[in-house]
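Please keep the model open while reading.

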Amino acid sequence: MPLILLYIFVEYKLRNIESIYELKRNGLIAQSDSIEILIVGNSHACDGINPLYFKQSAYNLAFGSQTILYDKQLILKYIGILKNLKYVIISLDYPSLYWGFSKDRDFFYYHYYGINIRNKSYFKENFSYFFYVYSPKTSVEILMNNNKLKLVDGWTGYDSTNYSLLTEKLGKKRVESFNADIKNSRQTKEHEYICSELELLIDFLKQKEIIPILITVPCYKYYTVNLDSNILESNLQYINKLKEKYNLVY
């Protein structure tokens with residue numbers, strides 16, 4: 001009985017934590033009338049683009065590991081309330097054109113945004129956050145961390161860098177993991193699907209007279225020096241193709 005009560009308590013706490021997904025959603029809705037610039041992308045955009053430095057009202061809707069597929073769905077979902085939106089900044093980084101569905105993040109987009117790209121039931125996840133959404137270890141870490149998040153225009157505003165991990169060895173390891181993802185994406189044709197979704201998004205924004213701007217955020221040298229030059233060149237060729245086809249700024 002004590003274990004059952006403890007489990008119920010933990011489940012309740014996990015289901016009611018203040019999530020960054022929830023905070024960004026609520027902030028976007030609250031500021032929807034004033035937002036002129038929307039920033040989407042992965043952690044590079046999430047942690048690297050501060051809306052404060054834009055002259056026009058900007059909002060950061062990027063997340064860690066957020067892919068182009070989720071960027072597109074978020075924009076389609078909220079475009080109706082963003083009455084004054086003029087620009088969408090789309091972050092295209094080394095693996096961006098190769099990352100599609102996110103098994104680890106799918107549930108959060110479903111739970112907080114009603115986005116269900118893979119049409120999953122999420123029965124297990126709804127049944128237990130402790131076992132199926134986070135994992136017992138992660139659940140304990142979350143419950144031990146009582147820090148309240150504060151966002152300004154979707155911006156976290158704190159340095160989350162773990163400087164002990166900024167080494168040449170780990171930078172190379174990170175790139176190797178990305179290269180494996182890229183190879184798999186090409187083999188499974190996921191890369192082609194992601195590119196087609198990106199072009200549909202760009203075309204949609206242009207039809208709405210909203211200007212898409214493509215960017216690549218600078219990264220630390222231990223990471224960038226290990227990037228595969230062939231993949232970089234391939235990415236750049238595709239981006240140049242988008243620039244010419246849609247008259248874009250990169």
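In which loop is the place of Lys189? Lys189 sits in the loop between helix H9 (168-187) and H10.

This is a predicted model: local features need pLDDT of at least 70, side-chain atom pairs count only at pLDDT 80 or more, and totals for chains, interfaces and linings use all residues. Residues are numbered from 1 along each chain as its sequence is written, and side-chain values use heavy atoms, with hydrogens and water left out.

**Backbone angles**

Lys189 has a phi near 70°, a positive value in a residue other than glycine. Ser135 also has a positive phi, near 125°. Most residues other than glycine have a negative phi. Ser135 is found in the loop between helix H7 (129-134) and H8. Its relative accessible area is 22%, so Ser135 is partly exposed. The accessibility classes are buried (under 20% relative accessible area), exposed (over 50%) and partly exposed (in between), with a 1.4 Å probe and protein chains only.

**Helix packing**

Helices (H or I, at least four residues) and strands (E, at least two) are DSSP runs, numbered from the N terminus. Axes are lines fitted to C-alpha atoms, for helices over the stretch in contact, and angles run from 0 to 180 degrees between N-to-C directions. Two helix pairs are tabulated here.

| Helix pair | Axis distance | Axis angle |
|---|---|---|
| H1 (residues 2-15) and H8 (residues 136-144) | within 11 Å | roughly 70° |
| H10 (residues 190-207) and H12 (residues 229-246) | 12 Å | about 30° |

H1 and H8 are therefore roughly perpendicular to each other. H10 and H12 are therefore roughly parallel to each other. The classes are roughly parallel (under 35 degrees), roughly antiparallel (over 145), roughly perpendicular (65 to 115) and oblique (the rest).

H1 passes H8 in a left-handed crossing. H10 passes H12 in a right-handed crossing. Left-handed means that the near helix is turned anticlockwise from the far one by less than a right angle, and right-handed means clockwise.

Which residues of H1 meet H8? They are Val10, Lys13 and Leu14, and they meet Ser139, Ile142 and Leu143 in H8. By class, this contact has 4 nonpolar, 1 polar and 1 charged residues. Contact means heavy atoms within 4.5 Å.

On the H10 side of the other pair stand Cys195, Leu198, Glu199, Ile202, Asp203 and Lys206. They meet Tyr238, Lys241, Leu242, Lys245 and Tyr246 in H12. That contact divides into 6 nonpolar, no polar and 5 charged residues.

**Cysteines**

How many disulfides does a search of the whole structure find? The search finds 0. A disulfide counts as a pair of cysteine sulfur atoms within 2.5 Å. For Cys46, the closest cysteine sulfur is in Cys219, 13 Å away and too far for a bond. For Cys195, the closest cysteine sulfur is also in Cys219, at 19 Å, again too far for a bond. Cys46 counts as buried, at 6% relative accessibility. Cys195 counts as buried too, at 8%.

**Leu85**

Leu85 lies in the loop between helix H4 (68-78) and strand S3 (87-91). Is Leu85 buried or exposed? Leu85 is buried, with a relative accessible area of 7%. Not counting residues up to four places away in sequence, Leu85 touches Ile35, Glu36, Ile37, Leu38, Ile79 and Ile210. Leu85 and Met1 are 84 residues apart in sequence, and their C-alpha atoms are 54 Å apart in space.

Key
Nonpolar A, V, L, I, M, F, W, Y, C, P; charged D, E, K, R; others polar.
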